[in-house]
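User: I would like to learn how to read this model, one feature at a time. Where do we start?

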Amino acid sequence: MSARPNRVTTRTLAAMRLENQPISMLTAYDYPTARLLDAAGVDVLLVGDSLAMVVQGHSTTLPVTLDQMIYHAEMVARAAERAMVLVDLPFPEGQLSIERTVEAAARVLKETRATAVKLEGGAEQAQRIEALAAAGIPVMAHVGLRPQNVHVDGGYRVQRDAQKLITDARVAEASGAFAVLIECVPAKVGEEITRAIEIPTIGIGAGPDTSGQVLVFHDLVGLSEGYLPRFVKPYAATGATITEAAKNYCEDVRSRRYPGPEHTFK
Ligand code: KIV
């Protein structure tokens, strides 16, 4: 039973995969954005550790802490009425002991009202995925490009080893993951992984044949700085709109056009 009858759950996502209905997922990090994305019908809101980059201004996802993820996830979960709220386990919560991973994920569910976590890795994370599932914590595995591995990989690169990636996804499924996120792989590999498993796959730079798609909100609406990866389709130029609004405000303040009589108490 779900707290809200129309709430997106792991069962909803499994049914969507079965019925070949594409799943939409976007990142969200705060209450007002989550409220808008939820009202727009986004199925899953991911409190991604990308918040280290797009909100905190770091150059990798590594600096964000579990406490900071929880702080943001709580706001997002408070806003979401329909969407599933999924939270990244930040570095190194998914790399240290299994107990630490389960404790971190349990804090996320207990303190934020999010209902699932995402863990970077595939086959090498089998025991952690099993432990999370056994603890009643829904977990999405994350295969392909793994941003928390940036220093081992020497940068962000398209991952092309199809056999390894298929094994990662199969092991994640067998270990109890409810879904697999696939990042930055050739479209054919995204399709092969999706055919190789029965749980939903969510792609980012993984071509059109996954069960769903995810993008970083700031990339979607034109709020990101600098380089955008090839897989990003910007749907709005919000950054330019904000700059324009701020410039107009500054001009109005400097020329005393703002505040006008309509903004002033009598
Ligand atoms: O943190 C994040 O934004 C992610 C992306 C792959 C969507 O995990």
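Analyst: Start with the ligand: one of its oxygen atoms is 2.8 Å from an N or O atom in the side chain of Lys118. The protein covers 96% of the 260 Å² of accessible area that the ligand has on its own. Accessible areas come from the Shrake-Rupley method with a 1.4 Å probe; for residues, only the protein chains shown count as cover. The model is predicted: local features need pLDDT of at least 70, side-chain atom pairs count only at pLDDT 80 or more, and totals for chains, interfaces and linings use all residues. Residues are numbered from 1 along each chain as its sequence is written, and side-chain values use heavy atoms, with hydrogens and water left out.

User: By class, which residues form the shell around the ligand?

Analyst: A residue belongs if one of its heavy atoms lies within 4 Å of the molecule. The shell has four nonpolar, four polar and four charged residues. Among them are Leu46, Gly48, His142, Glu183 and Val214.

User: How do I read a salt bridge?

Analyst: Side chains of opposite charge can pair when their charged atoms come close. The criterion is a side-chain nitrogen of Lys or Arg within 4 Å of a carboxyl oxygen of Asp or Glu. A search of the whole structure finds eleven salt bridges. One of them joins Glu111 and Arg107, with the closest N and O atoms 2.7 Å apart. Both residues lie in helix 5 (residues 98-112), four residues apart, about one turn of the helix. Helices (H or I, at least four residues) and strands (E, at least two) are DSSP runs, numbered from the N terminus.

User: Which peptide bonds are cis?

Analyst: Look at omega. The bond from Phe91 to Pro92 is cis, with omega near 0 degrees. Pro92 sits in the loop between strand 3 (84-88) and helix 5. The bond from Tyr258 to Pro259 is also cis, again with omega near 0 degrees. Pro259 is in the segment after helix 11 (238-254).

Methods
A polar contact is a pair of N or O atoms within 3.5 Å; within protein, one must be able to donate a hydrogen and the other to accept it, and residues adjacent in sequence count only if both atoms are side-chain atoms. Ala, Val, Leu, Ile, Met, Phe, Trp, Tyr, Cys and Pro count as nonpolar, Asp, Glu, Lys and Arg as charged, and the others, Gly among them, as polar.
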